[in-house]
Amino acid sequence: MGGDKMVHAREAAKQALDRLGAGDMVSVVAYDDAVSLISPATDLTDRDRVKAAIDRIQAGGSTALFSGISKGAEELRRNKRPNQVNRVVLLSDGMANVGPPHPRILVDWVHLWPRRASPSPRWGWGWATMRT
């Protein structure tokens, strides 16, 4: 994801942060051909630090969608809090070209999530650019 897509993804992520409370926890994972934990799970007491981390995310050459989802789910699993909403939000151009070759594998993995952790996160992404 590059160009305007990356600019819009960063802005969307920062706007999502603005809707969270200071006691909410967030982590930021970036992925291209590799996965990086940009901001480990932290309470949003320093929102500007998390936004600065988001601003440093740069487009790479590939999209390791499955690895990105997996790392986000790992962060959620390690840091989930009972009696709170626990979610993974995925921003992507949808062109999974590293890792599992077919979008169906991602969908199957997402449907297995409730067996791995509870409460289960909700997932959503656009399919318009998904390549098979």
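**Before starting**

Residues are numbered from 1 along each chain as its sequence is written. Because the model is predicted, local features need pLDDT of at least 70 and side-chain atom pairs count only at pLDDT 80 or more, while totals for chains, interfaces and linings use all residues; side-chain values use heavy atoms, with hydrogens and water left out.

**Stop 1: colour by confidence**

Colour the protein by pLDDT, the predictor's confidence in each residue, from 0 to 100. The mean for the protein is 76, and 73% of its residues reach 70 or more. Helices and strands here are DSSP runs (helices H or I, at least four residues; strands E, at least two), numbered from the N terminus. Among these elements, helix H2 (residues 47-55) has the highest mean pLDDT, 92, and helix H4 (residues 103-116) the lowest, 63. Now select residues 117-132, where the pLDDT is below 50. Beyond near neighbours in sequence, this stretch has 43 contacts in the model (contact means heavy atoms within 4.5 Å). Where pLDDT is low, the predicted coordinates should not be read in detail.

**Stop 2: the hairpin**

Select strand S1 (residues 25-31) and strand S2 (residues 35-43). The two strands run antiparallel and are joined by six bridges; strands pair if DSSP finds at least two bridges between them. They form a hairpin, with three residues between S1 and S2. At one pairing, Tyr31 stands opposite Val35 of S2. Of the seven residues of S1, five are buried (under 20% relative accessible area; exposed is over 50%, partly exposed in between, with a 1.4 Å probe and protein chains only).

Next pick Ser39, in strand S2. Ser39 counts as buried because its relative accessibility is 1%. Leaving out residues up to four places away in sequence, Ser39 touches Ser27, Val28, Arg49, Val50 and Ala53.

**Stop 3: the largest core**

Select Met6, Leu17, Val26, Val28, Ala30, Leu44, Val50, Ile54 and Ile57. These nine residues make up the largest nonpolar core, a core being a set of buried Ala, Val, Leu, Ile, Met, Phe, Trp, Tyr and Cys residues joined through side-chain atoms within 4.5 Å. Helix H1 (3-18), S1 and H2 each supply at least two residues of this core, and S1 gives the most, three. Centre the view on Val50: apart from neighbours within four places in sequence, Val50 contacts Leu17, Val26, Val28, Ser39, Thr42 and Leu44. Another core, of five residues, lies apart from the largest one and includes Leu65, Ile69, Leu90 and Ala96.

**Stop 4: one side of H2**

Which residues of H2 are buried? They are Arg47, Val50, Lys51, Ala53 and Ile54. These residues lie on the same side of H2 because they cover an arc of only 155° around the axis, taken from the directions from the helix axis to the C-beta atoms. The buried residues of H2 pack against H1, S1 and S2.

Select Lys51 with Asp18: their side chains are joined by a polar contact of 2.5 Å. A polar contact is a pair of N or O atoms within 3.5 Å; within protein, one must be able to donate a hydrogen and the other to accept it, and residues adjacent in sequence count only if both atoms are side-chain atoms. Lys51 also touches Lys14 and Leu17.

**Stop 5: a loop residue**

Finish at Ala59, in the loop between H2 and helix H3 (65-79). Ala59 counts as partly exposed because its relative accessibility is 41%.
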